[in-house]
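Please look at the sequence and the model shown below before reading on. The paragraphs after it are meant to be read with the structure in view.

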Amino acid sequence: MANGYQIIVTPRAEQKLEDIVFYVKENASEQTAEKVRKGILETIKSLAKMPTAHPLVPEISTEQVVFRRIMKWSYRIIYTIKENELTVVVVEINHEKEDLEKLKGVIL
């Protein structure tokens with residue numbers, strides 16, 4: 001694990017990031033939107049080292065798939081770890097006020 005985990009961002013998570021950036025651009029500024037984009041992407045990159053250090057998300061985890069989350073400001077980055085492949089899969093990016101229950105069955 002000298003090089004750490006490989007990071008995969010699903011198309012759903014990529015789209016959610018774009019939606020967040022668009023929202024911030026429309027409601028704040030282009031500079032703020034770019035800061036949010038860079039901050040979230042840097043946080044995702046940080047998962048390459050010690051992804052198990054972050055809390056579980058029991059609301060959507062199952063016996064088969066365990067989800068974890070890392071926060072960046074008020075945004076929640078939800079991911080799962082494929083230990084046998086040394087891969088972190090980012091499946092969702094959303095605002096902390098969004099209901100996690102609505103994600104059940106959607107992000108798998």
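What follows moves from the strands to the nonpolar cores, then to the charged pairs and finally to the loops.

This is a predicted model, in which local features need pLDDT of at least 70, side-chain atom pairs count only at pLDDT 80 or more, and totals for chains, interfaces and linings use all residues. Residues are numbered from 1 along each chain as its sequence is written, and side-chain values use heavy atoms, with hydrogens and water left out.

Helices and strands are DSSP runs numbered from the N terminus, a helix being H or I over at least four residues and a strand being E over at least two. Two strands are said to pair if DSSP finds at least two bridges between them. Burial is expressed as relative accessible area, where buried means under 20%, exposed over 50% and partly exposed in between, computed with a 1.4 Å probe on protein chains only. Of the 9 residues of β4, 8 are buried, so the strand is largely enclosed by the rest of the structure.

Which residues touch the most other members of the largest nonpolar core? A nonpolar core is here a set of buried Ala, Val, Leu, Ile, Met, Phe, Trp, Tyr and Cys residues joined through side-chain atoms within 4.5 Å. The largest such core has 19 residues, and those that touch the most other members are Ile 40, Ile 77, Tyr 79, Val 90 and Ile 93. At least two residues of this core come from each of α1 (11–27), α2 (30–46), β3 (75–82) and β4 (87–95), with α1 giving the most, namely 5 residues. A second, separate core of 9 residues has among its members Val 57, Ile 60, Val 65 and Val 91. In soluble globular proteins, nonpolar side chains tend to be buried together.

Contact means heavy atoms within 4.5 Å, and, when residues up to four places away in sequence are not counted, Tyr 79 touches a set of residues including Leu 47, Pro 51, His 54, Phe 67 and Val 90.

A salt bridge is taken as a side-chain nitrogen of Lys or Arg within 4 Å of a carboxyl oxygen of Asp or Glu, and a search of the whole structure finds 5 of them. In one, Glu 92 meets Lys 16, with the closest N and O atoms 2.8 Å apart; because Glu 92 lies in strand β4 and Lys 16 in helix α1, this pair ties together parts that are 76 residues apart in sequence. Glu 92 and Lys 16 are both buried, the relative accessible area of Lys 16 being 17%. Glu 98 is partly exposed, at a relative accessible area of 24%. Salt bridges link Arg 12, Lys 16, Glu 92 and Glu 98 in a network.

Another salt bridge joins the side chains of Glu 34 and Arg 37 at 3.4 Å, N to O, and both residues lie in helix α2, 3 residues apart, or about one turn of the helix. Glu 34 is partly exposed at 34%, as is Arg 37 at 21%.

Met 50, in the loop between α2 and β2 (67–72), has a positive phi of about 55° although it is not a glycine, and Met 50 is exposed, with a relative accessible area of 61%. In the hairpin of β3 and β4, which has 4 residues between the strands, Leu 86 takes a positive phi near 50°, and Leu 86 is partly exposed at 33% relative accessibility. Asn 84 lies in the loop between β3 and β4 as well, and is exposed at 71%.
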